[in-house]
Amino acid sequence: MSTPLSYYLVVSALLFSVGLAGALARRNAVLVLIGLELMLNAANLNFIAFWRYGPHAERLTGLMFVIFSIAVAAAEVAVALALVIAIYRHRHTAQVDRFDSLKG
Amino acid sequence: MSWLDQIFVFLGDKIAGWFPASVQPLVSAVLAIACIMAVFGTCFALTTLAERKLLGRMQNRFGPNRVGPCGLFQPLADGVKMLTKEDIVPFSADKTLHFLAPLVLTTPIWLAFAVLPFGRHMTAVNLDAGILFFFAIGSTSELAVFMAGWSSQNKYSVLGAMRAIAQMISYEVPLVMTAVPVLMLAGSLSLNDVVAAQGTHAFGWLARWNVFTPWGLAGFVLFLIAVTAESNRSPFDLPEGESEIIAGFLIEYSGFKYALFFLGEYLGLFAGAGLAVTLFLGGWQAPVKGLDWVPSWLWFGGKFAVLIFLFIWVRATLPRLRLDQLLNFAWRFMVPLALINLLVAAAWYWSGAWQFAGAALVRWVLCAALFAVPCHWLGRALRGPLPPPRKYSYAE
Amino acid sequence: MPNEIVFLLCAALTLGGAVAAMTMRNLVHCALCAACAFAGLAAFYLQLGAQFVGFAQLLIYVGAIAILIVFTIMLTRGGDIQPGVSGASHNWWVGLSVAALVLACLVRSIMSSPNLLRLPPANVAAPARKIGEALMNRYVMPLQTIGLLLTAALLGAVVIGLREPRHPDTNAR
């Protein structure tokens, strides 16, 4: 292993900002969710990189966090996509700028 | 006879020895890849022939017997036909995805053979989390099915792809859950450790394979059903049924791309059968202590061939399941049974400490009953009430 | 040297997939590029020696979440591209500039810390057995909570996704 830690952190920061840009700039609700997932994944990469390069790697703290983070992300995606489908049934559109009234 | 047992390892080391030391790991990896591709490619060709001949015999007719002695060159003829067919791509199809889908299906499935132990010291890559690798690779093939269905821009195609994906994700749950008791009792995710855990002998001569335990037998049957469904094989082949949905997501594929899909499906079957042999049938080990002299790769091959014959036999016997029957069977029968199997395996492990007379028999009967009673109830619940007996009215 | 090449390949795959996922017009292509980015991240985890997490990432993200996203695109008719509507919202430049600002802050704080130029300690192993022991001993409460969370999410997704009955007076549901 000859790549320093900062390389991984820069990749993670780039991934996070790409996900953030997409989540803020795209119209379709599903694409906003994909951006959200990319942000979560960037944070996971950060955790694993710090686990590997950190002092107490035998304690597996970073790994455990990522395992739980992946499980939570899966649960969140399932519920969010069910929500998108339910809203689509009412509004017949999946564009987030059309969800602008509280009336169901 | 251990030289025959280790002959492939010996040959591999010899060939790698001709190269300088810095590229030796690369050379042995390339050798392993080439061997696996050659062996399982030939196996694919022979299985297509064996399937047609066995199906024919079970249907009281001969299979193909014109091309070559007993039809042995039929796979060659099929290959030539597939390669020389015109490759038709629909006009409005998404060309990139249409081209990539067969590749994305077939490539990960080749990877799955890397963790199977084909013989003593004959695993290509000894991964610490081997079985997780296997399931992860298997789950990437569903995306390829979707790519194939959607890129054809054909309503039947998309519908077939959706059904195929629904079937594959539904049966992935029992597939993984029936493998979990094996891992629990072996104490490791590595497939070599799973094989080694089945290496002890009961009564001094009978090997302690997982299939000789109640949870192992039930798990073996459930695993085989899940493998049949995962590789879209009859009786679970609704996604590619000719008469229901005109070959589903494969409609717009012809020629070599169709052959690649076919190859991918059969390779998935082989990988699943290989995993079933490793998890439940003791891998490359002999069933009785006296037959140790037969080479380990021959034992693996023999058990593998028996399982393939079983799959072909089931295909010839059972009719195709409808989609709702298929999904009900997965979620309302197999998933609860897989969970109960986990409990039975735990009960088996804890009752292993019993020491009174006849403990083994009591243990077997208790664990088998613990599984069989819910199996019966769930089966009844799935089948529902039977219709009343028929009343026949005859013309007077 | 081979380590650097592998790192660059994984980074190219991940970042290329992410950028493609966020900029393409065709939604299904976006979803598949996102799956490609997830696979690139799994390659990163494997390179860093976290075998279990890498394969779990492949299994869950590529094998389940990508498929969920694709199903949702199908069910919300996202596959048909309307010609007049653009994919980006009308003030997309705000989102882009916020993301650029965040990137600048993060990269500046990474580059200004000399501690982060360190190389890893050798021989870090994370066998699955250690992970299992940790999950059962130290992290057993988070494990049980995750079980509850996944059950709640499963039930919630099913309830939200159910179709409402058309006529409230029939007891069709």
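Helix axes here are lines fitted to C-alpha atoms over the stretch in contact, and angles run from 0 to 180 degrees between N-to-C directions. Helices themselves are DSSP runs (H or I, at least four residues), numbered from the N terminus.

Good morning. The model I am presenting is predicted: local features need pLDDT of at least 70 and side-chain atom pairs count only at pLDDT 80 or more, while totals for chains, interfaces and linings use all residues. Residues are numbered from 1 along each chain as its sequence is written, and chains are lettered from A and ligands numbered from 1 in the order in which they are written.

I begin within chain B. Helix H2 (residues 7-17) and helix H3 (residues 24-58) of chain B pack with their axes 9 Å apart, at an angle of about 135 degrees. H2(B) is therefore oblique to H3(B); angles under 35 degrees count as roughly parallel, over 145 as roughly antiparallel, 65 to 115 as roughly perpendicular, and the rest as oblique. The crossing of these two helices, H2(B) and H3(B), is right-handed, that is, the near helix is turned clockwise from the far one by less than a right angle.

Which residues of H2(B) and H3(B) meet? From H2(B) come B:Gly12, B:Ile15 and B:Ala16, and from H3(B) come B:Gln24, B:Val27, B:Ser28 and B:Leu31. This contact of H2(B) with H3(B) comprises 4 nonpolar, 3 polar and no charged residues. In this scheme Ala, Val, Leu, Ile, Met, Phe, Trp, Tyr, Cys and Pro are nonpolar, Asp, Glu, Lys and Arg are charged, and the others, Gly among them, are polar.

I turn to the chains. Two residues are in contact if their C-beta atoms, placed from the backbone, lie within 7 Å. Of the 2 pairs of chains in contact, A and C share the most contacts. Between them, 71 residues of chain C touch 61 residues of chain A. On the chain C side, H4(C) gives the most, with 12 residues. That side divides into 56 nonpolar, 12 polar and 3 charged residues.

Chain B also meets chain C, through 19 residues of chain B and 18 of chain C. Helices H6 (130-139), H7 (141-151) and H8 (155-186) of chain B each supply at least two residues of that side of chain B. Its residues are 14 nonpolar, 3 polar and 2 charged.

What of chains A and B? No contact joins chain A and chain B, and their closest C-alpha atoms lie 14 Å apart.
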